[in-house]
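Please look at the sequence and the model first.

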Amino acid sequence: MLTSGANAESLSAARLGVVYNLDDASSREIAGYYAERRFVPFYNVIGVHLPSVGVVTPESFAPVRAQLLEQLPTHIQALILVWSKPWAVGCMSITTAFAAGYRPEFCVPGCGRTVPNPLYKTDGWLPADTVGWWPAMLLPSEDKTLARALIDRGIAADGSNPAGILYLVRTGDAIRNVRANAYAEVEANLSQRLAIKEMTTPITRPVADAMGYFTGVARVEELRQIHFRPGAIADHLTSSGGVLAGDEQMSALAWIQQGATASYGSVSEPCNLLEKFPEVGILFEHYLHGETALEAYWKSVAMPGQGLFVGEPLVRPFASSMLK
């Protein structure tokens with residue numbers, strides 16, 4: 001169980017840096033909307049110049065991050081990146097590249113063990129002060145209607161203590177179904193605080209009141225049948241879920257479009273090494289404790305170099321739990 005001593009260190013709007021692309025009109029507009037709706041101080045909102053491509057080179061990225069850190073107020077502990085592209089720096093996710101800086105060891109070798117996350121399974125939230133990282137989450141802004149809806153449902157979820165269901169889905173995809181081995185432990189640890197339902201594909205009926213949905217498959221065939229509650233988190237273990245433009249595999253953006261409030265996906269081939277994907281039990285242990293989606297997601301991935309965190313970072317549906 002988590003301790004309550006970390007409450008004062010919790011992520012808040014005052015400690016969040018809003019980063020937008022000066023060369024992208026939708027990025028600028030949605031960053032402003034986010035700051036206004038979330039009451040982020042104006043001096044926390046910073047523009048950078050980035051090419052609007054899916055993958056930027058490490059050489060072009062390094063000076064952008066350096067300039068950002070020069071402008072970043074010292075109290076900032078985490079970042080929201082407001083754009084749809086880029087999502088990667090070389091083989092590394094752009095959220096971890098902004099968090100810790102680009103280093104090949106974060107994503108090379110792709111199928112091997114990479115740089116560990118110092119925030120993994122920790123309490124508290126002062127990452128910039130303690131380990132020199134600024135954990136980030138990407139809020140896609142190209143579809144401005146979707147971006148505003150994502151922000152609004154995050155705000156609507158705050159403190160709602162929703163009585164939703166955490167769905168743990170088994171699939172016939174043996175390579176991607178590896179997280180299913182931990183489902184029994186997740187249920188044993190969390191079922192007293194949240195309804196949990198294990199399911200097996202194919203799923204042919206509507207899936208109601210989803211607060212969480214986790215599976216392992218290249219494409220989630222039942223996606224359109226899932227009805228998410230505000231604040232829901234969902235992801236699928238596969239190779240390229242962080243490639244937001246999509247390829248032969250479904251991207252993490254599809255979860256957001258369906259109504260999830262945060263998701264995760266890999267931008268380069270990680271194979272099925274479990275440490276490179278969210279551990280559902282750890283993620284929801286922190287989320288149910290009242291932490292934000294950004295805090296809970298970042299603490300659940302042991303090796304996040306290739307993983308893109310997507311969604312509304314400040315959403316906190318179980319905020320009241322931090323007072324207990």
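## Glutamate 291

Glutamate 291 lies in the loop between helix H8 (280-288) and helix H9 (293-298); helices are DSSP runs of H or I with at least four residues, strands are E runs of at least two, and both are numbered from the N terminus. The model is predicted, so local features need pLDDT of at least 70 and side-chain atom pairs pLDDT 80 or more, while totals for chains, interfaces and linings use all residues. Residues are numbered from 1 along each chain as its sequence is written, and side-chain values use heavy atoms, without hydrogens and water.

Glutamate 291 is buried, with a relative accessible area of 4% (buried means under 20%, with a 1.4 Å probe and protein chains only). Its side chain makes polar contacts with the side chains of histidine 286, at 2.9 Å, and lysine 299, at 3.0 Å. Such a contact is a pair of N or O atoms within 3.5 Å; within protein, one must be able to donate a hydrogen and the other to accept it, and residues adjacent in sequence count only if both atoms are side-chain atoms.

## Helix H8

In H8, 8 of the 9 residues are buried, so the helix is largely enclosed by the rest of the structure. Histidine 286 is one of these buried residues. The elements covering them include strand E8 (165-170), helix H6 (183-190), strand E10 (207-215), strand E11 (226-236) and H9, where contact means heavy atoms within 4.5 Å. After H8 comes glycine 290, with a positive phi near 105 degrees.

Key: Buried means under 20% relative accessible area, exposed over 50%, partly exposed in between (1.4 Å probe, protein chains only).
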